[in-house]
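Hello,

Here is the structure I promised to pass on to you.

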Amino acid sequence: MYTLFKKLLFQLDPEVSHTCAMRALQLAYQCGLSRCISSVKQPQTVMGLTFANRIGLAAGLDKNADYVDALAALGFGFIEIGTVTPRPQIGNPKPRLFRLAREEAIINRMGFNNKGVDYVKERLQKTHYRGVLGVNIGKNKETPNERAIDDYLIGFRELWPYASYITINISSPNTPGLRDLQQNHFLSDLLGAMKKEQELIAKNHQKYVPLAVKIAPDLSAEALDELSQIILQQKIDAVIATNTTISRKGVEQSPHAQEAGGLSGAPLDARNTEVIRQLYAVLQNKIPIIAVGGVMNEKSAHDKLQAGASLLQIYTGFIYHGPGLIKRLASIK
Ligand SMILES: Cc1cc2nc3c(=O)[nH]c(=O)nc-3n(C[C@H](O)[C@H](O)[C@H](O)COP(=O)(O)O)c2cc1C
């Protein structure tokens, strides 16, 4: 059934198709059709949280938490919404989303288009889903890196009551300078401030909200090593690896290869697994790794689990293979 649906959707402009698909999903949920979907129960405890199964929805598909219940009904073990910035922003001019169908890939330069923390807060208050919910936070485009901490603290303070965990996104290639926050001097200060806030919330509200950091796949081995050391020192609760890549390896022949933005999907798979392996060499079992990037089938999922990932997230694989992929991947032993 998804094959037919996809054929129709892929006739449309990618962003229009996204909106149509999400509305159709919402309608199906409201009509009770999603109740026919059986989900895989394979509970996993990571960051002190119990995930219904290992397969999560990656950030960026439901930036404003508009479709959490409908998405959760598809059988995801967890859902990550966002990226949310303190103030709403419209993102980059369109077109900003490109399908590379032959390569099973996407290039996007959305630029954190989102409705801001106040809107998302309202949406989350109305959500019925009680499974693990990640809230991915970022900084507004016009906020300079020197003041980035303020934006992340706003996101954390406003949204922690609704979050099972918070993801600090410092790895989108579409907000100028954002990836510089992965450099040692910025990162130590940012993570230090977030940990302090986490302690305060735990003390004042008796809720420990785990913090995950989402990183880019384009770091050198040396930079990745340094970053892993900082994450260990700061006792961050998990690493989400990775965001999209600025590399065009594997898509050189595509007519969209030269579009600016981050590449996701099958061409990111091998590099992503390499990053997971390198991270695991330092982090071992001290800090869990959530792998995201090119999880398109059982093999890519299996490779990432073997490389050291505890949980997986999907975005592009979900677009190309539909909800059936969730169950297939969640059933991997
Ligand atoms: C259209 C699009 C929008 C995205 N938006 C976000 C975002 O807002 N925040 C974020 O952390 N990651 C975002 N991502 C990155 C995904 O969460 C994921 O890390 C990346 O696509 C690699 O996984 P995949 O190969 O399964 O797609 C986006 C990806 C795509 C394709």
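**Salt bridges, a helix and the core**

Glu15 and Lys94 form a salt bridge, with their closest N and O atoms 3.7 Å apart. (A salt bridge is a side-chain nitrogen of Lys or Arg within 4 Å of a carboxyl oxygen of Asp or Glu.) Glu15 sits in helix α2 (residues 14-30) and Lys94 in the loop between β4 (78-84) and β5 (97-100), so the pair ties together parts that are 79 residues apart in sequence. Helices (H or I, at least four residues) and strands (E, at least two) are DSSP runs, numbered from the N terminus.

Before you go on, please keep in mind that this is a predicted model: local features need pLDDT of at least 70, side-chain atom pairs count only at pLDDT 80 or more, and totals for chains, interfaces and linings use all residues. Residues are numbered from 1 along each chain as its sequence is written, and side-chain values use heavy atoms, leaving out hydrogens and water.

Are the two partners buried or exposed? Glu15 counts as buried, at 15% relative accessibility, while Lys94 counts as exposed, at 62%. Here buried means under 20% relative accessible area, exposed over 50% and partly exposed in between (1.4 Å probe, protein chains only).

The whole structure has 14 salt bridges. Another one joins Arg87 to Asp151, where the closest N and O atoms are 4.0 Å apart. Arg87 is partly exposed, at 34%, and Asp151 is buried, at 4%.

Now look at helix α9 (residues 298-307). Its buried residues are Ser300, Ala301, Lys304, Leu305 and Ala307. They lie on the same side of α9, because they cover an arc of only 160° around the axis (the arc is that of the directions from the helix axis to the C-beta atoms). On the other side of α9, Lys299 and Gln306 are exposed. Lys299 also forms a salt bridge with Asp303, the closest N and O atoms being 2.6 Å apart. Just after the helix, Gly308 takes a positive phi of about 130°.

Finally, which residues have the most contacts inside the largest nonpolar core? They are Leu71, Ile81 and Tyr152, in a core of 89 residues. A nonpolar core is a set of buried Ala, Val, Leu, Ile, Met, Phe, Trp, Tyr and Cys residues joined through side-chain atoms within 4.5 Å. Helix α6 (residues 184-205) gives the largest share of this core, six residues.

Enjoy exploring!
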